[in-house]
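Subject: Structure handover

Hello,

Here is the structure I promised to pass on. Please open it first, then read my notes below.

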Amino acid sequence: MSVRLYILQRATAAVMAPLLLLHLAVIFYASSRGLSAADLLGRTRGSLTWGSIYTVLVLAAGTHAAIGIRVIASEWTPLRGAALESLTWACLLLLVVLGLTAVAAVVLA
Amino acid sequence: MAEIAVSLWRGKADGRYQVYRVPQRDNQTVLDVVTWVQRYADPTLSYRFACRVGMCGSCAMTVNGRPRWTCRTHTAKVVVAGKLEIGPLANLPIIKDLACDLRPFFEKWQQAKAVFAPRLTREDAIERIIPTSAARLAVDAAIECINCAVCYAACDTVRWNADYLGPAALNRAWTLVNDVRDTGNRQRLTAVAGAGGCHACHSHQSCQQHCPNALNPTASIAGLKRRSMQAYLRGELE
């Protein structure tokens, strides 16, 4: 891992840490209050705040995971150079598309 | 007389362990055992040693699965149920029997720019170094490396990543980063900030666990991570 990827992975971890705690708090809150799916969607749809928070979380998680998978692949497989770059970008794209699709589903009306 | 059943690696990478029965003695080191086999059982056994007192770093081998300096490892400490297994160091090509090719190890010292780049010449006065300065204390903590390659053989990242510079080269680079007489930090920090550099370390701390001189290369590598990151953010890397 180069210093550039190292900084990117640490920075995304720093972004994720508070957002994941918030995410867990939301889960505990929703389950303890017995909120239904309709209740939750009623609060999240059209919310710029929830949409922004989870968009940032998805982008940070996708970047962080793609770099981690790149490191594992470089150590445990013969992948190098362009193949390793392609795998990294493919992981990033897949995770971000899946994540943003989920965010859109709960935020967009 | 009590004997030890010693399994010694014979041959190259495709070799095998061969058992020798060696007399067990008081105050006997693992290096004594290997030497006994060569002198009295099989003179074709190849191994490497020099000083026999823990200074030169030549005699490191794998003892019961762990890398150790054999001249300072007593058999009383490592013989289990009358048995001992001695092999060549891991993560290095085997030349023959217990002797490894250390060229990859030392070539990575060069790649890490772990070489002193002086500012003064022999014509200049000797520079005064304050022993209690933070930089000198950081050097002192890491300077006693004897180049034995035990840390290199113990390192998981070296095993997984052929490009990784390894704990010893990075530890040496860290001593030079903190040497106020040195001028090579721009090139050095650039060298250790690349793909096989300090950021590839997973901090498993096997180097620290196995270093016979109780050094902590993991801490040195952590220092390099911080210092090279700062240099990158300031745009100081090449």
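Is B:R188 buried or exposed? B:R188 is buried, with a relative accessible area of 1%. Buried means under 20% relative accessible area, exposed means over 50%, and partly exposed lies in between (1.4 Å probe, protein chains only).

Some ground rules before the rest. This is a predicted model, where local features need pLDDT of at least 70 and side-chain atom pairs count only at pLDDT 80 or more, while totals for chains, interfaces and linings use all residues. Residues are numbered from 1 along each chain as its sequence is written, chains are lettered from A and ligands numbered from 1 in the order in which they are written, and side-chain values use heavy atoms, with hydrogens and water left out.

Salt bridges

Side chains of opposite charge can pair when their charged atoms come close. A salt bridge here is a side-chain nitrogen of Lys or Arg within 4 Å of a carboxyl oxygen of Asp or Glu. Over all chains, the count is twelve.

B:R188 pairs with B:D182, and their closest N and O atoms are 2.8 Å apart. B:D182 is buried too, at 9% relative accessibility.

B:D97 forms a salt bridge with B:R10, with 3.1 Å between the closest N and O atoms. B:D97 sits in the loop between β6 (94–96) and β7 (99–100) of chain B, and B:R10 sits in strand β1, so the pair ties together parts that are 87 residues apart in sequence. Helices (H or I, at least four residues) and strands (E, at least two) are DSSP runs, numbered from the N terminus. B:D97 is buried at 1%, and B:R10 is buried at 12%.

B:R181 and B:D179 also meet through their side chains, at 2.7 Å from N to O. B:R181 is partly exposed, with 33% relative accessible area. B:D179 is buried at 10%.

Strand β1

B:S7 belongs to strand β1 (residues 3–10) of chain B. B:S7 has a relative accessible area of 18%, so this residue counts as buried. Leaving out residues up to four places away in sequence, B:S7 touches B:Y17, B:Q18, B:V19, B:L84, B:E85 and B:I86. Contact means heavy atoms within 4.5 Å.

Where the chains meet

Eleven residues of chain A are in contact with 16 residues of chain B. The two chains bury about 1100 Å² between them, 60% of it on carbon and sulfur atoms. Buried area is the accessible area (1.4 Å probe) that two parts lose on being put together, summed over both. In chain B, the residues that lose the most area to chain A are B:W160, B:H199 and B:Y232, together 48% of what that side buries. The elements of chain B that give two or more residues to this side are α6 (156–160) and α10 (217–233). α10(B) gives the most, with five residues.

Chain A

A:L21, A:L24, A:I27 and A:F28 make a nonpolar surface patch of about 430 Å². Patches use residues with over 30% relative accessible area and no salt bridge; like charges are joined within 9 Å, nonpolar side chains (Val, Leu, Ile, Met, Phe, Trp, Tyr) within 5 Å. A:I27 lies in helix α1 (residues 3–32) of chain A. A:I27 counts as partly exposed, at 42% relative accessibility.

Best wishes

Methods:
Areas by Shrake-Rupley, 256 points an atom, 1.4 Å probe, with all protein chains shown as cover.
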